[in-house]
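Dear colleague,

Here is the structure I said I would pass on. My notes follow below it.

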Amino acid sequence: MHFPQHVLYNQSVCDESFTETVQVPFGSSCELSVNVACFGLFCLDHNVSIFYGSSAASEPILTSNVKSQTQFSFGVPSKCLTSVLLERTIQRSSIFDLSAPQGIAANALSNDGLSEVLCSNNTGAVLERFALTVFNASVGFKSSNWVPFQCHGWGTPAVKTTCTNNSITSLVLGVDVTSRQGTIPTEISFLSNLDHLALRSNSLIGSLPSELGIFQTTRTMELWNNSISGSIPTELFSLSSLEYLALFGNRITGTIPTEIGMTSLIGFWLEDNLATGTIPTEIGGLSNLETLSLSNNFLTGEIPSQLFNLTLQACNLSGNGFTGSLAPPGCEL
């Protein structure tokens, strides 16, 4: 990319914008160099933005100051994949960024020989493949007993999955499949038919994405023994089918959301975290709750009387700072 000579030598036009159009085939990985050898003192702080499409009014693929960077790398996924991901991905520019998990995944699927075929008649399958590939790029799955991905013709090692009607209904990490340190990507929400999500005993860090609240069919969610931090997203308690929620052994902070009101919940484990505040009275409305474990946190205040209305088979509230000496029947205090 070369800037016009009158820009390089005339500081009075250094604030002007110049556009150069480059045609790049779909499914390409690209490197771009900006020639700054002739830049004068007043032109060194120019920004270079690369856009997908013909309009510079859209979101740029990337933007950088030429003073600090003169080499740019980006990828353009296959045609159908680009269309599908631009419509669904929250951070649209990330699918072009070959250093981001989304860009790595998009590039991999563009060259796997199958995703573009599926894309034209099964976008759900493509989004599921993309979600798992982003997850793998984020945390790096490791296993001594690889099981090939069973849905949509994936022929490479992946995580343990169960498929029903050609859609992923169970995703499991732990025991045979582990990961390096990384975060749960928001793209996990593309696995919209999950019944069972188990990301246990791994090296997951960061906060729980609010997109987990999209899983309206999920009955079991196991995220225990990681290093997950931050507060519990309120969206998690909008899951009308959720029966078991296990978050113990993390670094979760903040209060237990008052939105916890799903009557489907049977078991809730939050022990060995850093939760603060009081037990919300809304827990007393969980009519099907049988197991409640909130031990070893920093919870305070009185135990709400609403808990005495529950028929709990297992309950542990010890290791906190509650006031008063009364505990619901069957609860360890």
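Counting as a disulfide any pair of cysteine sulfur atoms within 2.5 Å, I find two disulfides. This is a predicted model, in which local features need pLDDT of at least 70 and side-chain atom pairs count only at pLDDT 80 or more, while totals for chains, interfaces and linings use all residues. Residues are numbered from 1 along each chain as its sequence is written, and side-chain values use heavy atoms, with hydrogens and water left out.

The link is left-handed, at -85° about the S-S bond. It ties together distant parts of the chain, 39 residues apart: Cys80 belongs to helix H2 (residues 79–88) and Cys119 to helix H4 (residues 115–119). Helices here are DSSP runs of H or I with at least four residues, strands are runs of E with at least two, and both are numbered from the N terminus. Cys119 has 2% relative accessibility and therefore counts as buried; buried means under 20% relative accessible area, exposed over 50%, and partly exposed in between, with a 1.4 Å probe and protein chains only.

The other disulfide joins Cys315 and Cys331, whose sulfur atoms are 1.9 Å apart. Its torsion about the S-S bond is about 85°, so this one is right-handed. Cys315 lies in strand S22 (residues 314–316) and Cys331 in strand S24, 16 residues apart. Both cysteines, Cys315 and Cys331, are buried.

Next, the sheet. Nine strands form an open sheet in the order S8-S9-S12-S14-S16-S18-S20-S22-S24, and the pairing is mixed. S8 (160–164) and S24 (331–332) are the edge strands; each has a single partner, so one side of each has no neighbour in the sheet. Two strands are taken as paired if DSSP finds at least two bridges between them. S16 (residues 244–246) and S18 (residues 267–269) have three bridges and run in the parallel sense, with Tyr244 opposite Gly267 of S18.

Helix H5 (residues 123–139) lies across S8, S9 (167–173) and S12 (196–199), at about 15° to S9. Axes are lines fitted to C-alpha atoms, for helices over the stretch in contact, and angles run from 0 to 180 degrees between N-to-C directions; contact means heavy atoms within 4.5 Å.

Finally, two backbone entries. Ser201, not a glycine, has a positive phi of about 50°. It sits in the loop between S12 and S13 (204–205) and is partly exposed at 34% relative accessibility. Asn296, also a residue other than glycine, has a positive phi near 60°. Its loop is the one between S20 (291–293) and S21 (298–302), and Asn296 is partly exposed at 41%.

Regards
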